[in-house]
Amino acid sequence: MSREVDVREITRLDDDGAMSRRIFQLRGNLTGHDPVANDDVAGLSAVAQSVISSVTGDEDPGAAHASRWRVESTVSPTSSGAVAVHFEQTFADIPVFQAGLTVRFSCAGLPVEVTGTVVGWSDQGPASPGIDPVDAVLVALKHLAEPDHVADDGLDSFGQPRKGVDIDPGSVGITISSAGDDAQRTTWVGLSPWSTTALVSLAWFDLGAMLVLGWQVSLDLPDAQGSFRLVVDSVAGEVLYSRSRVCEVVANAMVSAPNPDTAALLRAMPEPLSRYPVKTPSGGIDGFPRDDWITKDSTQGNCVSVTLDTGGEAVGSVVDGVIQFRPTSDEDIRRVAAQYFCSYAHDLFWLLGFKEGDGNFQLDDYDENGAEDQDRVNALVYPGKVKGTASMGPSVDGASPTLRMGLYVPTGRHTALDESVVIHEYTHGVVNRLVGGKTSTTALDAAQSAGMNEGWADYFACVVTGLNVVGSWVVNSSAGMRSNPYDQNYPSFYSDLAPSKPSAEEHDYGEIWCAALMEVDRRLGTEITAQLVLDALKLTPSNPTFLQARDAVLSALDDMATASGWTSGDAQLRMHEAWSAFARFGMGVLASSPASTTFVGVQPDFSVPSFSPSAYADSELEPYEPGGRQVGPTPGVSTWGPDRLDLFCSTSTGMLHTWHASDMPLGSVWESIDGATPTVGRRSGVAACSWEPGRIDAFIIGDDGTLHTLAHDVATGWGMWANLGGALDPGCSPAVASWAPGRLDVFAKGPAGELMHLWRDSATGWGRWESLDPFVGSRKLSSGLSATAPAPGRLVIAGLSVQGYPQVCDYDVWLGTWTRWNLAHTASPAAGDRPAPAITASIPHFLQSPSPTSRRPVDVDLYAIAPVDGTLQITHSHWSRSWDTTSRQHPAGNHRGLGVAAWSEKRLDLVVADELPSGDLTRIGRLVHQWTNSAAAPPQSETLDL
Ligand SMILES: [Zn+2]
């Protein structure tokens with residue numbers, strides 16, 4: 001008695017928990033490896049092997065049942081540069097049927113995922129075959145000629161009698177043409193008079209917890225009757241497994257695409273490469289297109305099977321040796337159109353990189369290891385309506401997803417005939433497989449993620465149809481099924497989703513995401529964008545927020561720039577365009593988002609970063625100067641509470657950051673944030689400010705006179721530089737202060753010496769630059785600025801006048817009044833440039849009482865380089881003019897800037913940047929840190945080496 005096993009049965013067994021075959025997936029937690037270059041085949045294999053050993057390490061290698069893992073195919077680079085190493089499971093050097101694991105590497109060359117199918121067993125049959133390969137082929141041929149269907153009733157899954165093939169096994173000459181001496185005993189067998197061959201090799205086949213040795217037979221029948229793979233029990237001579245590989249069929253079909261508003265044309269199945277919006281290599285792509293859109297002569301292909309919901313496919317007829325579908329009935333027209341649309345979608349996504357190893361939908365995965373067969377799309381055409389007009393159910397790899405298409409009742413039009421709707425639904429299946437891995441079905445459940453699922457589906461529908469609407473034919477409306485077409489005028493923003501509209505659902509949320517992707521597409525072209533969006537799906541974590549998904553697209557673009565060898569200029573331009581597209585919809589560089597489960601709390605931003613954070617910018621960085629660095633002007637000093645001080649310094653090699661915490665002295669660690677430094681931002685000093693514990697915002701003015709900002713959050717690390725615009729003096733440092741959480745006030749010198757102001761708060765984000773000269777008077781500035789918020793709603797700003805005198809002004813937010821510039825010191829000015837004075841309040845505002853009415857008096861400390869002797873001087877309590885010329889002595893020299901902060905009433909930290917002569921070519925700077933823990937105690941001092 002033969003036993004026919006297909007993967008569907010195996011899946012059921014798996015679900016019962018009684019099965020030895022299990023889907024394996026492990027993401028993350030694979031650390032401890034050095035990065036490997038994606039073309040280092042040996043290195044990748046070695047790391048992958050060690051990962052496999054560690055994740056399957058629960059097996060005792062000495063045990064009788066121990067399996068081994070053999071590299072099966074080495075690397076499969078994606079368009080983004082990520083790679084994978086595939087392993088097959090073996091026992092006694094013989095592969096286990098359809099079992100294997102894949103180790104995926106990130107673009108950075110680190111292993112990030114192990115996925116595949118693992119077989120375990122408790123017992124196994126004899127390890128040597130009882131019959132030879134010729135016997136095995138004969139058993140296979142007899143089975144094909146007269147299938148023994150004891151296990152079922154001889155009917156296929158549509159209730160039709162199974163068709164045998166027309167061969168006479170007794171008349172076939174079976175001769176061994178070559179036989180390997182490896183453990184698998186790989187043997188080529190000639191079949192005469194057919195002039196076809198069979199490939200035979202040993203494989204372990206799992207029958208529940210029992211492993212038996214079988215002959216795996218792959219053979220082609222004559223007269224295009226098909227190609228089959230069988231497993232024959234090598235001892236009992238029974239067929240254990242039998243399945244038709246596709247027979248290759250080329251066909252034509254009359255289809256209206258993208259919908260019946262276009263006359264039906266005879267279209268090729270499969271379509272050639274030139275019909276896809278992807279980069280076309282001059283030599284074509286090996287093995288593309290595969291002639292498996294249909295098998296035999298019906299709407300049954302390797303990637304999709306289209307039937308009526310009650311079963312039954314549409315059948316073509318042979319015309320001039322080619323199958324043609326010229327459907328006439330409504331049902332057939334729908335089935336043929338759906339077959340064409342889904343097959344086109346399959347090949348498009350395959351070209352973009354959704355392949356066998358990624359869990360794409362195919363009946364036969366052509367032995368690509370690490371993938372599950374038997375999961376072509378099961379597309380059902382309903383005569384009436386279906387839930388949601390059309391739908392695609394998620395499924396894990398190895399199980400067919402079901403695509404349902406029905407009638408849209410208000411117009412009487414059928415969704416199977418609208419390509420945009422079919423592609424939309426098909427894309428859901430792709431997104432489900434890619435985001436969070438191919439075995440996860442819950443990676444798109446969160447509100448933001450579910451919304452984007454719709455957006456991705458709409459985007460690819462638009463890519464395929466070339467339209468900027470979805471379902472316009474089905475619903476007979478120019479805007480299609482959505483609120484507006486996805487054109488330049490699409491009216492909504494990311495921030496419109498919070499608070500959520502009472503009636504909003506996934507498709508509303510998805511519109512914003514699709515609108516942004518379409519904007520990227522308009523700016524970068526479909527060829528680049530479709531590839532980016534697909535690449536990004538592979539890089540997107542489970543249940544992403546809009547901003548995480550945005551970052552995946554940008555990351556994919558960064559990878560593409562490197563992989564494609566774009567010039568730095570082209571790369572930066574495209575990165576700018578992509579950012580501009582997202583910023584257009586409120587997903588700018590300073591946007592923030594709550595968890596993906598909600599839209600409440602979304603903070604929009606419409607700004608783009610001031611540079612591209614990528615490797616190709618490295619070449620533009622100035623080389624490191626051994627022996628020291630030139631210190632930029634004013635250092636940025638900030639604190640968010642007792643025992644915490646953050647110091648920023650722009651230097652000749654980029655921006656540096658160090659911090660003091662209770663267990664760490666200032667300057668013991670210098671963190672370079674070069675990689676995120678704007679290439680245009682080397683001139684001014686740094687301003688830094690905390691508005692709550694754990695959060696710092698740093699600012700710098702670039703050569704182009706615009707303000708750049710970078711935020712650091714202890715929870716999420718450094719953000720990205722953003723350009724806040726302005727027309728500022730690039731040689732003078734900005735100033736920043738905060739008097740409430742989320743509130744930042746930035747001040748800078750305009751080119752004519754005016755006082756310029758920009759502010760943000762949590763509710764509105766950044767406003768526009770304004771000149772404060774109408775409020776603070778016409779006294780002009782000759783230096784950069786310093787600012788502090790001594791209390792909530794209170795700001796004090798200091799700078800040097802044109803004559804070189806320190807001057808201050810202040811603002812009371814609650815009264816809305818500014819004081820005019822006041823001179824803080826009237827000593828005679830010195831010649832030459834001098835740094836701006838430094839100013840601070842003695843307690844950060846967030847450590848004070850939040851109530852403006854109960855605010856206690858807070859000292860304001862102002863430091864300046866004394867005009868004559870170069871010493872630092874201090875005044876207290878609102879420029880009382882009682883300068884202290886004795887307690888803050890500092891050697892005379894070329895002082896480039898001062899920074900100051902206080903984390904309590906008694907603690908003051910002052911940092912001075914000095915420029916020292918050193919040789920002819922470079923000048924080396926140093927930072928001197930002074931602090932005091934009591935107004936009465938003498939200050940302590942140290943030099944900070946960079
Ligand atoms: Zn949908």
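In β10, L213 is the bridge partner of W204. Helices and strands are DSSP runs (H or I over at least four residues for helices, E over at least two for strands), numbered from the N terminus. The model is a predicted one, in which local features need pLDDT of at least 70 and side-chain atom pairs count only at pLDDT 80 or more, while totals for chains, interfaces and linings use all residues. Residues are numbered from 1 along each chain as its sequence is written, and side-chain values use heavy atoms, with hydrogens and water left out.

Strand β9 (residues 196-207) pairs with strand β10 (residues 210-220) in the antiparallel sense over ten bridges; two strands count as paired if DSSP finds at least two bridges between them. The two form a hairpin with two residues between them, and G208 in the turn has a positive phi of about 65°. Strand β8 (residues 187-192) also pairs with β9 in the antiparallel sense, over five bridges, with G190 opposite T197 of β9. The hairpin of β8 and β9 has three residues between the strands, and the phi of S195 in its turn is positive, about 50°. Nine of the twelve residues of β9 are buried, where buried means under 20% relative accessible area, exposed over 50%, and partly exposed in between (1.4 Å probe, protein chains only).

An open sheet of mixed pairing is formed by four strands in the order β14-β13-β17-β16. Its edge strands, β14 (265-269) and β16 (317-319), each pair on one side only. From one strand to the next, the twist averages 35°. Axes are lines fitted to C-alpha atoms, for helices over the stretch in contact, and angles run from 0 to 180 degrees between N-to-C directions. β16 and strand β17 (residues 322-325) are antiparallel and share three bridges, and V319 has V322 in β17 as its bridge partner.

Helix α4 packs on this sheet, touching β13 (251-255), β14 and β17, and its direction makes about 115° with that of β13. Contact here means heavy atoms within 4.5 Å. Helix α4 (residues 330-352) is mostly covered, with 20 of its 23 residues buried. The helix is followed by G353, whose phi is positive, near 115°.

## The zinc site

The zinc ion is coordinated by H424 (NE2), H428 (NE2) and E454 (OE) at 2.0 to 2.1 Å. Donors are N, O and S atoms within 2.8 Å of the metal (3.2 Å for Na, K and Ca); water is not among the atoms, so the site may look incomplete.

In sequence, the donor residues are spaced H-x3-H-x25-E. H424 lies in helix α5 (residues 419-434) and E454 in helix α6 (residues 447-465), so this pair ties together parts that are 30 residues apart in sequence. Both H424 and E454 are buried.

## The surroundings of Y811

Y811 is located in strand β39 (residues 806-812). With a relative accessible area of 16%, Y811 is buried. Leaving aside neighbours within four places in sequence, Y811 is in contact with G793, R794, L795, G816, T817 and W818. The C-alpha atoms of Y811 and A789 are separated by 9.5 Å, and these residues are 22 apart along the chain.

## The protein overall

The protein has twelve helices and 48 strands. Of its 946 residues, 57% are buried.
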